[in-house]
Amino acid sequence: MQGLPADHRDTIIMWALAKLDVAAFVAASAVVTGAALFMLTLFLVVKGAPPGVPVGPHLGQLALFFPGYSVTATGAFIGGAYASVVGGIAGFLLAVFWNAAHALFLAVIRMRASLASYSID
Amino acid sequence: MNNDAERDEITDREVLEATLRFNTLVFSIILGVFTGLTLLALSLVARYGTGTGRLAVVLIGIFLPGYGAGGFGALLGLFWGLLFGALLGAGIYRINARHVLAKVDDLVIAEGGSNGFPRAVLRLDGSSLGLAIGTIGALGLLATTNTLVARGTAAQSVHARLLSEVLPGYTVSVLGSIIGAIELFAILYVFCRAFVSIYNRVAGRRHRR
C-alpha cells in the first residue's frame, strides 16, 4: 500500500467511525424486504401448480405470523407490507446499535483524551 | 527519506487495521446477537406457541447440533446463533471493507464535529456489499447442501429440494448446489445493489455533501 496523505488518512478514520443514517437505512431495509416477499409470492403465483395441488404451501405458512397473507396476487401485497415492517424494524435496530457502538467508542476516546490533558496540566 | 516513507506506510496500515478490527468486532457482535436471539425466540415460540415454526426449528436443527424446541435447545440455539452470526458478520464486513478502502473518499458525507472529532455519515458501496453478502450467501448454500449430501440424506431432503422452486436447476447434489449458489449470489447481489441505491439516495438528500 502507498503511504497515504494525512487528509486521506483522516478520511479513513472518519469513514471507520461514520454513523449510518437511520432513516435511510430503515427505508432501504423496508423496501428491499417488502419487495423480496412480494416478488417471491408473485413468482410462485405466476408459476402456478398442477390442478389440485396448492400453490406455495410452505411459503403460505407465513400466514401464521402475517395474518391475511396467502400465496395469491392479493397476498403478495399483504405479505410485502408485513415484510416491509419487519425489515424496517430490523434495519432500525441494526443502524441504531451500529451508531450506539460508535458513539460509545468516541465517548471513550474523548474521555481518555481529556483525562490525558488533565495529567499534563 | 526512505525511512519516512516506510514509517508512513506502517502507520497507514496500523490505522486501517485498527479501524477494520473495531468495525469487524462491532458488526460481528450485532449480527451474532441478532441471530442468537432469533434462534432463541423461534425455539421458544415452537415450544410454547401453537406449534408455529416447529418445522423450521427441526430443519435448522439438522445443521446446528442440539438445537430444538424449548429449554436447552433454545439455549444451544442462542449459542450457535451467536457463533455463526458473529462469523458471518466478520466475513461480510471484511469482504465489504476490502474493496471499500480503495474508494473511501466517496463513502463519507462529512458533517463537521466537535472537540477535534470530525463526524460523518456513511455511504455504502453497492458492488462491495453485493459481493460480500452474495459470497456469504452462496457459500452458505454450498455448505448446507453438501452437508446433506455428505450425511447421505440428500434423497430425503424434500424441504431443501423446494429451493428449486425459486432457484431453477438447484438440486440437493454437488452440481445442483453449485448452480443454486451462482443463482443465489446473483439474486443477493441485485438486492444489495437496490438496497444501497435507496440508502445512498435518501442519506444523500438528508445530508448534503
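The contact between the two chains takes 35 residues from chain A and 36 residues from chain B, where two residues are in contact if their C-beta atoms, placed from the backbone, lie within 7 Å. On the side of chain B that touches chain A, α1 (2–48), β1 (108–114), β2 (117–122) and α6 each supply at least two residues; α1(B) gives the most, with 12 residues. Helices (H or I, at least four residues) and strands (E, at least two) are DSSP runs, numbered from the N terminus. This side of chain B divides into 24 nonpolar, five polar and seven charged residues, with Ala, Val, Leu, Ile, Met, Phe, Trp, Tyr, Cys and Pro counted as nonpolar, Asp, Glu, Lys and Arg as charged, and the others, Gly among them, as polar.

This is a predicted model, in which local features need pLDDT of at least 70, side-chain atom pairs count only at pLDDT 80 or more, and totals for chains, interfaces and linings use all residues. Residues are numbered from 1 along each chain as its sequence is written, and chains are lettered from A in the order in which they are written. The predictor gives the complex an ipTM of 0.86 and a pTM of 0.84. Chain B has an average pLDDT (the predictor's confidence in each residue, from 0 to 100) of 84. Among the elements of chain B, mean pLDDT is lowest for β1(B), at 73, and highest for α6(B), at 94.

Leaving aside neighbours within four places in sequence, A:A18 is in contact with B:V108, B:A120, B:V121 and B:L122.
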